[in-house]
Amino acid sequence: MDSRDETITQWHPAFVNSAELEFKDNMSDLKFEPEYNLTDKPLAMDLLIVRKREGAVIKNEIGEVFKLHNIFEYKSPDDELNIDTLYKTIAYACLYKVEKKDRDKQGHIIHRNPEDITITLIRHNKPEKLFEDLKQRDYNIICVHDGIYNIGRMIGFDIQIIVSKELSPELHPWLQSLQKNAEFVNFDQVYKNIVDENDQILRAKMLNYLDFLSKENPEVAKEWKEVNTMGDGLAMLMEPELRNAREQGIEQGIEQGIEKNKKNNIRNMLEKDYKYEVIMDALNVTMSDINEVLDEMAGEQMEASKEDSFFL
């Protein structure tokens, strides 16, 4: 592997984390599926958010357009968001529409309605060329909120574009701060949300996100901690968070079967791209426990590959 590849920032896990935090007020109403596989072969969209409860009111203004199935395509600060990105994401939506995974209680296939599917494209800077291309195609781009642009319907899919740079840091501290040039206000808002949050799982996500933000903006993070003298405060926050998470995990383990619950919790956190250190602290497990689950997951992938090759 090229040494440069080893230093490439993994923006997409941080995006998924920030998206979950954006919609934290509706966690029970939404199902988040990062890198949702569209075919048996590797082809995945960045994030699928499924509305679990019909009629649920989404509190975040980005979710005003939400329907049953909501497809997200995220472009990192170094990637371009252009007309081809839009067409690719529409292709994803088309593949998802014809997918035959949903079934009713009688086992009959449920055919997805394109009007139940939305598309959201996200990039930090405004995609000026894409906006020009859309206007030339007679699409009416409407800014419905700061940083949120509605471009109407294409092939039955409602589509919006999020310019996260233009979002309010107060209303959208997660997506607005997902950048290389974060400012003091971004750290202030993220920290404020951590302090105000009582849910232990959400606080763990927030702390994980703050860690990513600090690593991508080391100089600003260092200055912010020095000016605000909050470095020790974060450490103090972390300890009760991890302790409570461990206690919660033990209680659930007693009720559901300690070993099975432990593996399920490890698997869930691995699938959501948590760092090994965070998993070990949050669940009070060892690296051996994590490796055991990783081996099981690798074995499952090998079996799936054998099945795929058998039918080729």
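Reply: Start with H69, which lies in strand β3. This is a predicted model. H69 has a relative accessible area of 4%, under the 20% cut-off, so H69 is buried. Now for its surroundings.

The charged end of R112 sits over the ring of Y96. The distance from the ring centre is 3.7 Å.

Strand β3 covers residues 69-74 and includes F72. The ring of F72 pairs with that of F15. Their centres are 6.4 Å apart and their planes meet at 40°, so the pair counts as tilted. F15 belongs to helix α1, residues 11-22. The pair therefore links distant parts of the chain, with F15 and F72 57 residues apart. Both F15 and F72 are buried.

F15 and F72 form one aromatic cluster with F23, F66 and Y74. Across the whole structure, a search finds nine aromatic pairs.

Last, confidence. The mean pLDDT of the protein is 82, and 81% of its residues reach 70 or more. Over residues 1-6 the pLDDT is below 50. That stretch has one contact in the model beyond near neighbours in sequence. Residues 253-257 also have pLDDT below 50, with four such contacts. Where pLDDT is low, the predicted coordinates should not be read in detail.

Key
Residues numbered from 1 in each chain as written. Predicted model: local features only at pLDDT ≥ 70, side-chain atom pairs only at ≥ 80, totals over all residues. Heavy atoms only, no water. pLDDT = per-residue confidence, 0-100. Contact = heavy atoms within 4.5 Å. Phe/Tyr/Trp six-rings, centres within 6.5 Å; stacked < 30°, edge-to-face > 60°. Helix = DSSP H or I, 4+ residues; strand = E, 2+ residues; numbered from the N terminus. Buried < 20%, exposed > 50% of the residue type's maximum accessible area, 1.4 Å probe, protein only. Lys NZ or Arg CZ within 6 Å of the ring centre and 35° of its normal.
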